[in-house]
Amino acid sequence: MVPGDNDKVVILSGRTVSLQADNSTNGLDITINNGGFLDQQTFRFTNNIAALRGSGTLKLSSPD
């Protein structure tokens, strides 16, 4: 499921979440737990993120 505006997202340990397209959701509050991964692949967040925290791994988007 794709989060909506102002949703709180928690990526659990052992889980990888990969963006499948640019994300224009507003105000996401994202926590990446230790052992969790958020992989932007070649995509990006196009609006402001309210919070990004945790001790997991954020893999930034790669240039085309």
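Predicted model: local features only at pLDDT ≥ 70, side-chain atom pairs only at ≥ 80, totals over all residues.
User: Okay, and is T25 buried or exposed?

Analyst: Check its relative accessible area, which is 11%. Buried means under 20%. So T25, at 11%, counts as buried.

User: Now the strands. Where is V9, and which residues does V9 touch beyond those up to four places away in sequence?

Analyst: V9 has its place in strand β1, residues 8-11. Not counting residues up to four places away in sequence, V9 touches P3, L28, D29, I30 and T31.

User: How far apart are V9 and D29, in sequence and in space?

Analyst: V9 sits in β1, while D29 lies in strand β3. Along the sequence, 20 residues separate V9 and D29. In space, C-alpha to C-alpha, the distance between V9 and D29 is 6.0 Å.

User: In which sense do β1 and β3 pair, and over how many bridges?

Analyst: Here's one spot in that pairing: V10 stands opposite T31 in β3. As for β1 and β3 themselves, the sense is parallel, and the number of bridges is four.

User: Which residues of β1 are on the covered face, and which are on the uncovered one?

Analyst: In a regular strand, side chains alternate between the two faces of the sheet. For β1, K8 and V10 make up the uncovered face. The covered face of β1 is V9 and I11.

User: What about D29, buried or exposed?

Analyst: D29 has contacts with D7, K8, V9, A51 and R53, leaving aside neighbours within four places in sequence. Its relative accessible area is 16%. The cut-off for buried is under 20%, so D29 is buried.

User: Moving on, how much space lies in the largest pocket, and which residues are the closest to its centre?

Analyst: The space in the largest pocket comes to about 430 Å³. The lining has 20 residues, and the closest to the centre are M1, V2, P3, V17 and L19.

User: Which strand supplies the largest share of that lining?

Analyst: β1, β2 (16-18) and β3 (28-32) each give at least two residues to the lining of the largest pocket. Sorted by kind, the lining residues are 14 nonpolar, three polar and three charged. The largest share is four residues, and the strand supplying them is β1.

User: Where is N33, and how accessible is N33?

Analyst: You'll find N33 in the loop between β3 and β4 (37-39). Not counting residues up to four places away in sequence, N33 touches V10, I11, L12, S13, S55 and G56. N33 is partly exposed, with a relative accessible area of 28%.

User: Last one: what is the phi of N6, and what is the phi of Q41?

Analyst: N6 lies in the segment before β1 and counts as exposed at 59% relative accessibility. Q41 lies in the loop between β4 and β5 (49-54) and counts as partly exposed at 31%. N6 is not a glycine, yet its phi is positive, about 65 degrees. Q41 is not a glycine either, and its positive phi is about 50 degrees.

Conventions
Residues numbered from 1 in each chain as written. Heavy atoms only, no water. Contact = heavy atoms within 4.5 Å. 1 Å grid on protein atoms, 1.4 Å probe; cavity = no way out; pocket = protein on both sides within 12 Å on 5 of 7 lines; lining within 4 Å. Points joined across faces, edges and corners; volume = space filled by probe spheres on them. Nonpolar A, V, L, I, M, F, W, Y, C, P; charged D, E, K, R; others polar. Buried < 20%, exposed > 50% of the residue type's maximum accessible area, 1.4 Å probe, protein only. Pairing = 2+ DSSP bridges.
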